[in-house]
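Let's take a friendly walk through this structure together. Have the sequence and the 3D view ready, and follow along one piece at a time.

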Amino acid sequence: MGRSSKDKRDIYYRLAKEEGWRARSAFKLLQLDEEYHLFQGVSRAVDLCAAPGSWSQVLSRKLKGEDPKNAGIKIVAVDLQAMAPLPGVIQIQGDITKVSTAQEIIHHFEGQPADLVVCDGAPDVTGLHDIDEYIQAQLLLAALNITTHVLKKGGTFVAKIFRGKDVTLLYSQLKIFFPDVTCAKPRSSRNSSIEAFAVCRNYNPPEGYVPNMSNPLLDHCYDVDFNQLEGPNRVIVPFLACGDLSAYDSDRTYPLQLDPEKEYTYVPPTQPPIRPAYEEACFLKKHNLLTKEQGPHSQLPEQGASNFSLETEVVDALEELSV
């Protein structure tokens, strides 16, 4: 498969590179903003689980731009992974389940709470939907927990959610803090994906509620009967598909040359991964160090003897990788 094969299969992946976004997910936040006007009146924003930084890019371009009047607007991006720097974005490499991370966010805002908190974080999916939905629910609740520490009253919280059979429990927990909760599906989100986005507005915690990090996740004793709300207890939130029919279809294959007057040219990714998990394997494969096949006339090493030359090659390659 050539380099342009994914450009043909995924129109938003191609457009993200052409417009300078780090990932196609930037269009999801842009389309949510078109529908809900999320950025209106925002001067302090937080991007949780920010890497590789596409949502932080959107916040920076939409809130700050190049207008000197927006110099006072502050954006904080938080992630456990390292992220390449972005202009106008303060980065925190930290854990969203730690109170120290919330304190550092408030410190960068000079003691003021945030107007907007967004989270596009998701687990590495396994393909087992029940497990993926449960882990995503844990991540969303962790994001909600730290949001209660940093979001101002009346603020907005946007987070990715996996829609499954037990999703009404999550809705009920979000409704405790936000009277206005909507489930939105941007046009750039594939129809084949169970992902959607919970748009929670007008933050209003219960009277006397004190945020804490003592239990930022769901109870480990997961009770199926308890976590599945039915009958009058079931919570149904509005569902809205964002984007009109003129937007590109994320599940459709498009020709490489969209504009008849403009010839297609391949564009490399805006920001390659800093330290991906597969980097070592790619390096070893490139240097033919993954396997060493024995030739027809080669002799196996004697018992107890080590393949010194192969070990040396691997050690040298790994040392070169770590430089």
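The buried residues of helix H2 pack against helix H1 (5-9) and helix H3 (26-36), where contact means heavy atoms within 4.5 Å. Helices (H or I, at least four residues) and strands (E, at least two) are DSSP runs, numbered from the N terminus. Which residues of H2 (residues 11-19) are buried? They are Ile11, Tyr12, Arg14, Leu15, Ala16 and Lys17, with buried meaning under 20% relative accessible area (1.4 Å probe, protein chains only).

Now look at the two ends of H2. At its start, a side-chain oxygen of Asp10 comes to within 3.1 Å of the backbone nitrogen of Tyr12. Just after H2, Gly20 has a positive phi of about 85 degrees.

This is a predicted model, in which local features need pLDDT of at least 70 and side-chain atom pairs count only at pLDDT 80 or more, while totals for chains, interfaces and linings use all residues. Residues are numbered from 1 along each chain as its sequence is written, and side-chain values use heavy atoms, leaving out hydrogens and water.

Next comes the sheet. Its 8 strands form an open sheet with mixed pairing, in the order S3-S2-S1-S4-S5-S7-S6-S8; two strands pair if DSSP finds at least two bridges between them. Strand S3 (90-93) and strand S8 (239-242) stand at the edges with a single partner strand each, so one side of each has no neighbour in the sheet.

Strand S1 (residues 44-48) pairs with strand S2 (residues 74-79) in the parallel sense over 5 bridges. Here Ala45 stands opposite Ile75 in S2.

Terms used: Buried < 20%, exposed > 50% of the residue type's maximum accessible area, 1.4 Å probe, protein only. Polar contact = N/O pair within 3.5 Å; in protein donor to acceptor, adjacent residues only side chain to side chain.
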